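I opened this notebook to keep track of what I looked up, one topic at a time. The entries below follow the order in which I went through the model.

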Amino acid sequence: AATPVPGPRSALRTGWRYDAKEEFARMGVNGVSGNPWRMTTLNNEYSVCGSYPRTLCVPSRCTKELLQTCAKFRSKGRFPAMVWRCPSSGRTLSRCSQPLPGLRSLRCREDEEVLAAIREASGSERLKIFDLRPRSNAMVNMAMGGGYESGTYYDKCHLTFCGIANIHVMRDSLEMLRSVMNRCGKESVSSAELSGPEVTQWLDHIRVILTVAQQIADALSPTPTP
């Protein structure tokens with residue numbers, strides 16, 4: 001679903017052409033009656049979510065009204081949407097932002113229904129939710145109106161906090177590492193300063209990200225990584 005763009009190079013004809021409909025069709029979302037997944041242009045004008053693409057993939061039984069209500073219960077309108085499906089096993093990967101229960105533990109039955117529909121469309125007995133944040137960050141977000149999927153309301157879901165630091169921490173760590181690396185070879189540095197990569201914790205961040213990536217890949221694969 002991504003092909004090189006032919007013809008002379010120009011600002012509009014450089015790189016690869018991506019077609020969302022072709023890509024979803026390649027994964028088995030073909031519009032055939034009975035398919036548990038369908039494409040939607042609900043966000044065609046970016047009116048539901050400004051950071052989502054126009055064409056999205058959702059469970060076939062989710063109506064436009066259901067998704068719109070669900071989006072209102074998700075940060076910045078990023079409602080759950082499927083982004084990858086294994087054509088052979090049918091296992092899927094979906095993305096979304098945090099729900100908005102807040103300290104009052106508000107619930108949205110439409111949001112719960114969308115997640116249940118994703119679980120059923122994927123043929124899974126239990127939906128695995130990987131919350132990339134540390135649990136402590138999620139609790140802070142809850143105090144600010146955000147939160148996470150509570151097992152009390154989200155039936156047959158298993159939530160895992162992955163412990164990846166937020167974008168601000170990651171950016172600061174990278175900047176610190178870059179500063180240390182730029183000094184090496186340009187001026188004499190002490191042995192203490194050469195321990196910069198440890199101080200910046202950049203490798204620790206990378207380790208956590210790779211570990212989480214493997215966990216998600218294993219959840220999607222019929223044969224987990226040994």
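These entries go from a pair of strands to one residue, and then to the pockets.

**Entry 1: the model.** I note at the start that I am working with a predicted model.

**Entry 2: a hairpin.** I looked up how strand β5, residues 81–85, is joined to strand β6, residues 92–95, and found that the two run antiparallel with four bridges between them. Together β5 and β6 form a hairpin that has six residues between the strands. In the turn I noted Gly90, which has a positive phi of about 85°. I then asked which residue in β6 is the bridge partner of Arg85, and the partner is Thr92.

**Entry 3: Thr92.** Is Thr92 buried or exposed? Its relative accessibility is 15%, and because buried means under 20%, Thr92 counts as buried. I also looked up what surrounds Thr92, leaving aside residues up to four places away in sequence, and found that it touches Trp37, Met82, Trp84, Arg85, Ser122 and Leu220. With one of these, Ser122, there is a polar contact from side chain to side chain at 2.6 Å.

**Entry 4: the largest pocket.** I next turned to the largest pocket, for which the computed volume is about 1,500 Å³. Its lining is made up of 42 residues, and those that lie nearest the centre are Ser94, Cys96, Phe130, Asp131 and Leu132. Two or more lining residues come from each of β6, α3 (109–121), β7 (127–131), α4 (135–143), α5 (167–183) and α7 (202–220). Which element gives the most to this lining? I found that α7 does, with six residues. Sorted by class, the lining of the largest pocket has 19 nonpolar, twelve polar and eleven charged residues.

**Entry 5: the second largest pocket.** The second largest pocket holds about 180 Å³ of space, and 15 residues line it. Nearest to its centre I noted Tyr18, Phe24, Pro53, Thr55 and Val83. The elements that give two or more residues to this lining are α1 (20–26), β4 (56–59) and β5. By class, I wrote down eleven nonpolar residues, one polar and three charged for the lining of the second largest pocket.

Methods:
Residues numbered from 1 in each chain as written. Predicted model: local features only at pLDDT ≥ 70, side-chain atom pairs only at ≥ 80, totals over all residues. Heavy atoms only, no water. Pairing = 2+ DSSP bridges. 1 Å grid on protein atoms, 1.4 Å probe; cavity = no way out; pocket = protein on both sides within 12 Å on 5 of 7 lines; lining within 4 Å. Points joined across faces, edges and corners; volume = space filled by probe spheres on them. Nonpolar A, V, L, I, M, F, W, Y, C, P; charged D, E, K, R; others polar. Buried < 20%, exposed > 50% of the residue type's maximum accessible area, 1.4 Å probe, protein only. Polar contact = N/O pair within 3.5 Å; in protein donor to acceptor, adjacent residues only side chain to side chain. Contact = heavy atoms within 4.5 Å.
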